[in-house]
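Visitor: I would like to go through this structure term by term. Please set each value against its cut-off.

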Amino acid sequence: MTTHDVIVVGGGGSGLAAAIEARAAGRDVLLLEKNPKLGGSTAWSVGSVTASGTPHQARKGVQDTPEEHWRDMAGFNGDLDPRDNPSLRRVLADAMPDTFRWLLKHGVRFYGPMPEPPHNKPRMHNVLPNSRSFITHLEKAARKAGVKIQCDARAKALVSESGRVTAIDCETPDGVRRFHARGGIVLATGDFTSDPELKAQWMGPQEAKIDGVNITATGDGQKLALPLGGRIINGDLALGPELRFVPPQKRNLLLSLPPWPLLANLMAWSLDHMPPALLRPFVMSFVTTALAPSPDLFSEGAILINKNGEQFADELDKPAYALPDQPDKTAYILLDQRMANLFSGWPHFVSTAPGVAYAYVEDYRRNRPDVFHAGATLDELAAKLAMPAAALATTVQAHNAKAGNRPTLGHGPYVALGPVRAVFVHAEGGLAVDHEHRVLGAGDVPIPGLYAAGSTGQGGLLLKGHGHHLGWAFASGRRAGRNAAMDIA
């Protein structure tokens, strides 16, 4: 048993931000991470941070304010706007200018700002060289500041004494250990995109079968708080399920680059000054790896087939929901010659990073040979996919007979892109919190000693659009860490 001033549970972006700020307040801080190394969903992210009043905006002559950012965020909500938390949205927008500079101070580098409607001004900043940069630099800052970090420690239960959360029990390689906190305990364990139990409860049984991008995002923080009276808000909302190409066996060049500030600065200069033709192969290594195939592929006639050569869903009606019931939970996107030619140039792209680049069929052939398969005939393509040729031919014939107003599959050569799988990217269901990031219990009264940040403490805030989930992770983490540091019993 050990005692610390502040305990942070979760070693992703929000947890590291909380630990660094609590340590900056002069507290003894312990950070617990269940995985062998730090990272969380932050390390899996595209790496966009959306903020106003940044030095990057100033260099481009963009005059922007938190008030405008707060107002524009509501434009993403659509019919869900009544379920948003405008006051927490204000907390995020107001905190982002300083949070962005805080990231820069710790060595993180960005390219941008990039436009993303309905934002009325460019605010999206993309990390360089990749999202591991956040973890590398913040872990270095935390260790340098004296934060104690223990990995392979999975939190199992919170301990309360006299109505206040005072300790946490964890499974470790040395057995179950109890860690006591004089001040606050911050839950920063991410969302529950990979937890079948919470997804079944909040979304449904079919959603429970679908994995998250981060397979270790299992709602640990939410589960810890529920027995103490905590509650989840917007648990039924998520980005996904959507189709994603399976990741490559080997990390591509972009994801393998070390997060050195000098290299990141060189990349930022190159993106501003080098001819796009020279940069395209580099950028494509990212766009063809991390992003979803466009639904327009199916509108233009492409179909989904499983490994048995069978069409199993209406591609225009949420096909990702049907994928978990297919062999290996995967499928292929089948295109004929007309479609492959169509998706070889603007405006018909296979995938895109908004405002950055567009990837076409040829880009997948060049950059992702593991998911690009071509055959002059259906038989040849089936052989390359180890798929029954007769079943594939029957599927195409049956599809064309019932296609109706949809384009039919014509002659080859044919292209199959895949395997694709269904995934949840992130979930909106976080614990109810107040403006100080204290977890709310029965009657919306704060649970003494307990805080939550990032997706764990999203509090009903809707984070639509790129760059808002990471922005909330860092902004709420910093604030929760500072408040936990001041909450010494």
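Visitor: Where is the place of F312?

Guide: This is a predicted model. F312 sits in the loop between strand 16 (303-305) and strand 17 (330-335).

Visitor: What is F312 in contact with, leaving aside its neighbours within four places in sequence?

Guide: The contacts of F312, with those neighbours set aside, are L304, I305, N306, A322, L323, Q326 and A331. A contact here needs heavy atoms within 4.5 Å. D325 is 13 residues from F312 in sequence, and their C-alpha atoms are 9.5 Å apart.

Visitor: What makes R244 buried?

Guide: The cut-off is under 20%. R244 has a relative accessible area of 15%, so R244 counts as buried. R244 belongs to strand 15 (residues 242-245).

Visitor: With which side chain does the side chain of R244 make a polar contact?

Guide: With that of E242, at 2.7 Å. The limit for such a pair of N or O atoms is 3.5 Å.

Visitor: Which peptide bond involving P241 is cis?

Guide: The bond that joins G240 and P241, with omega about 5°. P241 is in the loop between strand 14 (238-239) and strand 15.

Visitor: What is the omega of the peptide bond from G412 to P413?

Guide: Omega is near 5°, and this bond is cis. P413 is found in the loop between helix 16 (389-402) and strand 21 (414-424).

Visitor: What is the phi of D152?

Guide: About 55°, a positive value, although D152 is not a glycine. D152 is in the loop between strand 7 (148-150) and strand 8 (154-161).

Visitor: Why does D152 count as partly exposed?

Guide: Buried is under 20%, exposed is over 50%, and partly exposed lies in between. D152 has 34% relative accessibility, so D152 is partly exposed.

Visitor: And H437: what is its phi?

Guide: Phi of H437 is near 70°, also positive in a residue other than glycine. H437 is in the loop between strand 23 (430-431) and strand 24 (438-440).

Visitor: How do you know that H437 is buried?

Guide: The relative accessible area of H437 is 0%. Buried requires under 20%. H437 is therefore buried.

Visitor: Now the helices. Why are helix 4 and helix 17 called roughly perpendicular?

Guide: Their axes cross at roughly 85° and come within 8 Å. Roughly perpendicular covers 65 to 115 degrees. Helix 4 and helix 17 are therefore roughly perpendicular.

Visitor: Which residues of helix 4 and helix 17 meet?

Guide: Helix 4 brings L88, V91, L92, A95, M96, D98, T99, W102 and L103. Helix 17 brings H468, G471, W472, F474, A475, R478 and R479. By class, this contact has 10 nonpolar, 3 polar and 3 charged residues.

Visitor: What makes helix 3 oblique to helix 4?

Guide: The axes of helix 3 (residues 66-73) and helix 4 cross at roughly 140° and come within 8 Å. Roughly antiparallel needs over 145, and roughly perpendicular ends at 115. Helix 3 is therefore oblique to helix 4. The crossing is right-handed. Among the residues in this contact are W70 and M73 of helix 3, with R89 and R90 of helix 4. The classes are 8 nonpolar, 1 polar and 4 charged.

Visitor: At what angle do helix 1 and helix 17 cross?

Guide: At roughly 35°, with the axes of helix 1 (residues 13-24) and helix 17 (residues 468-486) coming within 7 Å. This crossing is right-handed. Residues that meet include A17, A18 and E21 in helix 1, and G477, R478 and G481 in helix 17. The contact divides into 6 nonpolar, 4 polar and 3 charged residues.

Definitions and conventions
Residues are numbered from 1 along each chain as its sequence is written. This is a predicted model: local features need pLDDT of at least 70, side-chain atom pairs count only at pLDDT 80 or more; totals for chains, interfaces and linings use all residues. Side-chain values use heavy atoms; hydrogens and water are left out. Axes are lines fitted to C-alpha atoms, for helices over the stretch in contact, and angles run from 0 to 180 degrees between N-to-C directions. Helices (H or I, at least four residues) and strands (E, at least two) are DSSP runs, numbered from the N terminus. A crossing is left-handed if the near helix is turned anticlockwise from the far one by less than a right angle, and right-handed if clockwise. Ala, Val, Leu, Ile, Met, Phe, Trp, Tyr, Cys and Pro count as nonpolar, Asp, Glu, Lys and Arg as charged, and the others, Gly among them, as polar. Buried means under 20% relative accessible area, exposed over 50%, partly exposed in between (1.4 Å probe, protein chains only). A polar contact is a pair of N or O atoms within 3.5 Å; within protein, one must be able to donate a hydrogen and the other to accept it, and residues adjacent in sequence count only if both atoms are side-chain atoms. Angles under 35 degrees count as roughly parallel, over 145 as roughly antiparallel, 65 to 115 as roughly perpendicular and the rest as oblique.
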